[in-house]
Amino acid sequence: MQAWDAIRKAVEGEREKFIQSTRMTAQVQEQVLQGILHRHRGSRFGREHDFAFIGDSRQYAHQLPLTEYRQTRPWIKAMLKGDRQALIADWSHFETTGGSEGGAKIIPYGASGMRGFQKALYPWLDDLLQQRPAISKGSAYWSISPMLRSDRTAESVPLGLKNDALYFGSELAGNISRTLAVPATAGEFSELLPWQTYTLKHLLQAQDLRMISVWSPTFLLQLMKALGKCGRRLTDSLPSLIRQRLRDALKTGTLDTTVLWPELDTLSCWTQGPAQVFVPALRQLFPQAHIQGKGLLATEGVVSVPVEGAQDPVLAVNSGYFEFVDNAGKVLQAAEVQPGERYRIILTNDLGMYRYDLGDEVEITGWYEKAPMLRFRGRISTSDLVGEKLEEVFVARVLESVDGFSLLCAVSESQPGYVLLSETSKSDAARIEKGLFRNPQYAYARKMGQLAPLAIRQVAGLDELYSRWRLQQGQQLGDIKPVCLLRDDGFLQFLESSR
């Protein structure tokens with residue numbers, strides 16, 4: 001395809017540039033930090049924090065404290081109200097996070113912030129085209145969610161990009177769009193079922209589909225389940241040959257994607273943290289495809305980049321300045337971390353995230369040249385009903401033996417406690433609670449009778465119900481992240497109302 005040829009030419013050499021940067025991680029990180037401080041020294045935040053006079057990373061760490069979104073929110077509100085350079089010096093629009101913790105967050109974007117994404121996306125694409133060249137022989141499905149939210153904030157400020165291909169920059173956006181198996185107009189649907197029908201209709205006609213790129217594996221798994229639900233609305237609009245191919249793919253009662261997309265080469269999605277439980281289902285559903293785990297990328301910025309051949313995604317050394325907090329609270333630079341250890345990620349970038357605690361825990365699994373490789377372990381999310389302080393990364397380890405998707409939900413009733421929602425009936429409450437007892441605060445609260453014994457409830461279609469609940473809360477379908485710990489009973493109430 002000519003579009004892929006143009007893409008290959010545009011990103012040629014970016015992989016090697018990235019690898020060269022990983023060989024000089026410490027120096028590159030200092031340069032990246034100084035560039036960020038220089039670009040935003042004229043913002044009100046930059047002036048008030050003397051960005052122009054910060055000489056190095058040590059002085060930066062001394063001068064600015066670690067921050068969370070609650071400290072950043074007032075500066076973003078000022079931007080929304082008209083003080084456009086309150087937090088960053090260049091601004092074009094705002095994006096919202098998925099909002100799985102504490103509601104959605106609004107993040108300012110500008111040209112320099114978009115370049116931070118491109119410094120990770122270009123090496124990824126260059127690497128992928130070199131290592132998986134078959135993707136350039138056909139079309140690609142890039143996740144496009146239905147528009148279930150407003151495209152403006154309450155202050156009438158632009159929210160989001162009209163086309164996610166623009167994350168690749170104007171030079172590549174047009175050619176990326178030309179590779180799409182499903183037109184970008186899919187994002188204009190305001191209801192789920194018509195969006196599913198439209199998306200599946202185009203996918204089924206894309207016999208040359210070579211690559212699928214989505215964020216959450218549940219997004220793709222649920223879309224495939226919808227093939228059997230769209231019924232005549234879908235099949236009546238398809239050419240006879242495509243209808244026959246779909247019948248052949250479904251004739252055993254289980255969807256055979258090798259009949260529909262025999263040339264599918266690569267499937268890119270999250271494969272770490274709570275998302276890892278869905279990987280076996282993906283492998284079974286798409287046996288013909290190589291599954292590449294995505295790096296850690298949030299609305300607040302890029303953290304790591306997948307590189308074929310690397311054990312885990314590599315720190316995105318050119319996209320931001322990164323610090324790491326160990327279990328003792330010590331803050332380390334990228335070149336100081338140790339393999340086998342776990343850290344919280346602290347991010348500084350051109351989106352106004354200055355020493356921003358991303359709330360994610362990663363494990364360092366080794367080195368790619370002189371850059372650390374990161375394995376995402378989970379959100380630093382804590383449930384604390386009576387002092388038990390259960391963290392999601394701990395709960396994820398306890399639930400590793402549970403088949404399929406599962407959620408531990410806090411219940412605040414006359415006697416607070418937890419209920420485990422599971423798609424299977426094989427879960428053993430005693431065994432799982434034994435695992436939770438490894439947290440001494442949980443064990444103490446249970447022994448004192450402050451927490452009720454763990455309850456287990458089987459819920460068929462749990463992942464789909466969870467997605468429906470998040471959609472009701474205003475999240476974009478493609479942004480819904482698998483989690484394993486919910487700190488309140490909102491989802492339980494949703495399940496009751498859905499009966």
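D50 counts as partly exposed because its relative accessibility is 37%; buried means under 20% relative accessible area, exposed over 50%, and partly exposed in between, with a 1.4 Å probe and protein chains only. D50 sits in the loop between α4 (44–48) and α5 (57–63). Helices (H or I, at least four residues) and strands (E, at least two) are DSSP runs, numbered from the N terminus. D50 is not a glycine, yet its phi is positive, at about 55°.

The model is predicted, so local features need pLDDT of at least 70 and side-chain atom pairs count only at pLDDT 80 or more, while totals for chains, interfaces and linings use all residues. Residues are numbered from 1 along each chain as its sequence is written, and side-chain values use heavy atoms, with hydrogens and water left out.

E369 also has a positive phi of about 55° without being a glycine. Its place is the loop between β14 and β15 (371–379). M24 is in a loop as well, between α2 and α3 (25–39).

| Residue | Relative accessibility | Class |
|---|---|---|
| E369 | 43% | partly exposed |
| M24 | 40% | partly exposed |
| E361 | 9% | buried |
| F18 | 3% | buried |

E361 belongs to strand β14 (residues 356–368). Which residues does E361 contact, leaving aside its neighbours within four places in sequence? They are R342, Y343, R375, F376, R377, G378, I380 and V393, where contact means heavy atoms within 4.5 Å.

F18 is part of helix α2. Not counting residues up to four places away in sequence, F18 touches P123, V305, V307, V314, L315, A316, V317 and N318. F18 and V305 are 287 residues apart along the chain, and their C-alpha atoms are separated by 9.8 Å.

**Helices α2 and α7**

Two packed helices are described by the angle between their axes and the distance between the axes. For α2 (residues 14–22) and α7 the angle is about 115° and the axes are 7 Å apart. Axes here are lines fitted to C-alpha atoms, for helices over the stretch in contact, and angles run from 0 to 180 degrees between N-to-C directions. On the α2 side, E14, R15 and F18 take part in the contact; on the α7 side, Y122, P123, D126, D127, Q130 and Q131 do. By class, the residues of this contact are three nonpolar, two polar and four charged. In that count, Ala, Val, Leu, Ile, Met, Phe, Trp, Tyr, Cys and Pro are nonpolar, Asp, Glu, Lys and Arg are charged, and the others, Gly among them, are polar.

**The nonpolar cores**

In soluble globular proteins, nonpolar side chains tend to be buried together. A nonpolar core is a set of buried Ala, Val, Leu, Ile, Met, Phe, Trp, Tyr and Cys residues joined through side-chain atoms within 4.5 Å. The largest one in this model holds 137 residues, and M224, F286, F324 and F491 have the most contacts inside it. Helix α7 (residues 111–131) gives this core its largest share, nine residues. A second, separate core has 19 residues, including L390, F394, V402 and L485.

Beyond its neighbours within four places in sequence, F286 is in contact with I212, L220, M224, T257, W261, L264 and L267. L220 and M224 are among the buried residues of α10. Helix α10 (residues 217–225) is largely enclosed by the rest of the structure, because eight of its nine residues are buried. What do the buried residues of α10 pack against? Their partners are β3 (139–142), α9 (192–205), β4 (209–213), β5 (266–269), α14 (279–285) and α18 (462–472).

**The whole chain**

The chain contains 19 helices and 21 strands. Of its 499 residues, 56% count as buried. Along its principal axes the C-alpha trace spans about 70 × 65 × 45 Å. The radius of gyration is 23 Å, which agrees with the value near 23 Å for a compact globule of 499 residues; it is taken over C-alpha atoms, and the globule rule is 2.2 Å times the number of residues to the power 0.38. Among contacts between residues at least 6 apart in sequence, 67% join residues at least 24 apart.
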